[in-house]
2 protein chains.
Amino acid sequence: MTAYAIGIDLGGTNLRAALFRDPLELLARPGADSAIEPVRHHRELTGDDRGPEIIADRLARLVFDIASDVDDTVPVGIGFAGMLRGHEGVVAQSPHLHWRDVALGDLMRARLGPRFPVGIYNDVNAITYGEHVVGAGRGARDLLAVFVGTGVGGGIVAGGELITGSDHCAAEIGHMKVVLGDDARLCACGLRGCVEAYAGGSFLERRVRDELAAGASSRAVDLGGGPDHVRLSHVDVAAAGGDAYALALYAEVAPLLGATLANAVTLLNPQRLILGGGVLSRTPVLREQVVAAFEAYCNPPALASVEVTTAALGDDAGIVGSALLAARP
Amino acid sequence: MTAYAIGIDLGGTNLRAALFRDPLELLARPGADSAIEPVRHHRELTGDDRGPEIIADRLARLVFDIASDVDDTVPVGIGFAGMLRGHEGVVAQSPHLHWRDVALGDLMRARLGPRFPVGIYNDVNAITYGEHVVGAGRGARDLLAVFVGTGVGGGIVAGGELITGSDHCAAEIGHMKVVLGDDARLCACGLRGCVEAYAGGSFLERRVRDELAAGASSRAVDLGGGPDHVRLSHVDVAAAGGDAYALALYAEVAPLLGATLANAVTLLNPQRLILGGGVLSRTPVLREQVVAAFEAYCNPPALASVEVTTAALGDDAGIVGSALLAARP
């Protein structure tokens, strides 16, 4: 019985690590109304020096420090923003870290040895698993989590298991296509028409600023203090007040994001749809329109069995989820 | 150890049942190159009298007959075309049988008793599971099967498990939306824009006949012997010959179906995409265009890990899959 697990969140800004007690107890009774508090917690800036060897050295030191008084085997889960390949912890790419084809799993195993078995996870998958076990997904064996922040990411739990796909790139909901053809917006992935290119925070904010700078009229400009300072929260306040520009924008974007959620729920028939991420939490009007569109487009039997809810764990979801994933029997 | 399992395919035309030996052995080594031949097989017409009690009586008699010389407990899997609700075998609706809210599981359990534990499955899920264990999906723990026949149906296996969703209506890929707005085509489900309303055989054939009857010019009319006799295979032959009508139709339909496949693969990251069903098997030109569109729209990492292949089990897939699903430990 594993008494402890370590969760690490390797983010673009912060590097966080935490030691948790009794992860298997939590996993054995998902849905229990149990708070999960780390025994020990550490946070530092990721910093500028992001070479794989240097980061691996720092992560290893962190693990040794945080588990210094634990004698057991301690599983270590590392979540990072980016794309994995295969199941051995190869980072195919991470824009934040400027990594490509980094064998992070091997780098960590070489440093940590057998006492600290390592799992490497996509951060959104880790967050989703954390929400599943101790957050907004408690008690649901089938759930879909969708996070609309700078990008659009997702995670799937089916039959109580995290679905990672054959090559660890399942749940890339942001790259589902919502507009077809040559006029579709170009996504950072290189293809056109991905929902992320319409509803992802970076794309949407840039588009809004471009359109307002080009002369579009909206109260969001006053709220933000100039076109270049407009944030999506300003657009949402404007929309709430009936602003024509904001409402036209939402009339385009909300159906696209809503239809994407509907298609994913139609395919997966989850019991819960968990929405999270910085964009939707700051844009209540947009969120309401997205949910309305989702309900209009979803296959009725799937809609009848799903509850739409909000991510509950906040910033801790990543470390909790990574620790729990690593601790799975 | 269960030595036998029975699979039943309750179709709109035929009612088929078969007794299989050693299902657990097959399940224990999916990917084994083992033919699966029924010990005994029976087929009769479903007939006109489709009341639930009458059908249940007939199914029970079939089970007793086919397993008359077996002493063991024999799991019985029943696959049918239609929609389930919950996990106790309630048929929410079946257009073929004209059923609504029929507790088929209870009807069968009352007749068969504990010696024949019963599982009720959506037929496409059963077919998918059969392909997974002994067909085109052998050796793949993650697969998506999509069948384009009169409608568009699908099945998902993830991590070696059939994904049924929280209420047994997962994988309804035919009801993923591909066109948004009031002009989208109306689907039989009551909503607009479902891919089935564009690419499902019934819809597509009706549309072609309507357009040709209204005067559209195509060589398919000659091939079919009049607009009302045109089948999709005629359209495909016309397309192969450069027929403008057929090519324009495909230029609309192939991207919609291809994008749907791409979105599902982007979400699920399967190792194999199995295509089947009466439409795609008779329309090689359409199939080629659909696969090309799929490749163009799919998230590149998911595309890199998927192999597109063709369903292998034919008419037997349903009885094999139902038997194997029922026999699962």
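Trainee: How many helices and strands does chain A have?
Mentor: The count covers chain A of this predicted model. Both kinds of element occur in chain A, and the tally is 13 helices and 13 strands.

Trainee: Why can chain A be called as compact as a globular protein of its length?
Mentor: The C-alpha atoms of chain A fill a box of roughly 65 × 45 × 35 Å along the principal axes. For 329 residues the globule rule gives 20 Å. Chain A is as compact as a globular protein of that length because its radius of gyration is close to that value, at 20 Å.

Trainee: What percentage of the residues in chain A are buried?
Mentor: A residue counts as buried if 20 or more other C-beta atoms lie within 10 Å of its own. Applied to the 329 residues of chain A, this gives a buried share of 54%.

Trainee: In the open sheet of β5, β6 and β7 of chain A, which are the edge strands?
Mentor: The three strands pair antiparallel, in the order β5-β6-β7. An edge strand pairs on one side only.

Trainee: Which residue of β6(A) is the bridge partner of Arg85(A)?
Mentor: β5(A) and β6(A), the latter spanning residues 90–94, run antiparallel and are joined by three bridges. The partner of Arg85(A) in β6(A) is Val90(A).

Trainee: Which helix of chain A packs on this sheet?
Mentor: The helix touches β6 and β7 of chain A. Its direction makes about 45° with that of β7(A). It spans residues 104–112 and is α3 of chain A.

Trainee: Which element gives the most residues to the side of chain B that touches chain A?
Mentor: On that side, 37 residues of chain B are in contact with 37 residues of chain A. The elements giving two or more residues are α9 (244–268) and α12 (300–305) of chain B. With eight residues, the one that gives the most is α9(B).

Trainee: How many nonpolar residues does the side of chain B that touches chain A have?
Mentor: Sorted by class, that side has five charged and ten polar residues. The nonpolar residues there number 22.

Definitions and conventions:
Residues are numbered from 1 along each chain as its sequence is written. Chains are lettered from A and ligands numbered from 1 in the order in which they are written. This is a predicted model: local features need pLDDT of at least 70, side-chain atom pairs count only at pLDDT 80 or more; totals for chains, interfaces and linings use all residues. Two strands pair if DSSP finds at least two bridges between them. Helices (H or I, at least four residues) and strands (E, at least two) are DSSP runs, numbered from the N terminus. Two residues are in contact if their C-beta atoms, placed from the backbone, lie within 7 Å. Axes are lines fitted to C-alpha atoms, for helices over the stretch in contact, and angles run from 0 to 180 degrees between N-to-C directions. Ala, Val, Leu, Ile, Met, Phe, Trp, Tyr, Cys and Pro count as nonpolar, Asp, Glu, Lys and Arg as charged, and the others, Gly among them, as polar. The radius of gyration is taken over C-alpha atoms; the globule rule is 2.2 Å times the number of residues to the power 0.38. A residue is buried if 20 or more other C-beta atoms lie within 10 Å of its own, exposed if 12 or fewer, and partly exposed in between; C-beta atoms are placed from the backbone.
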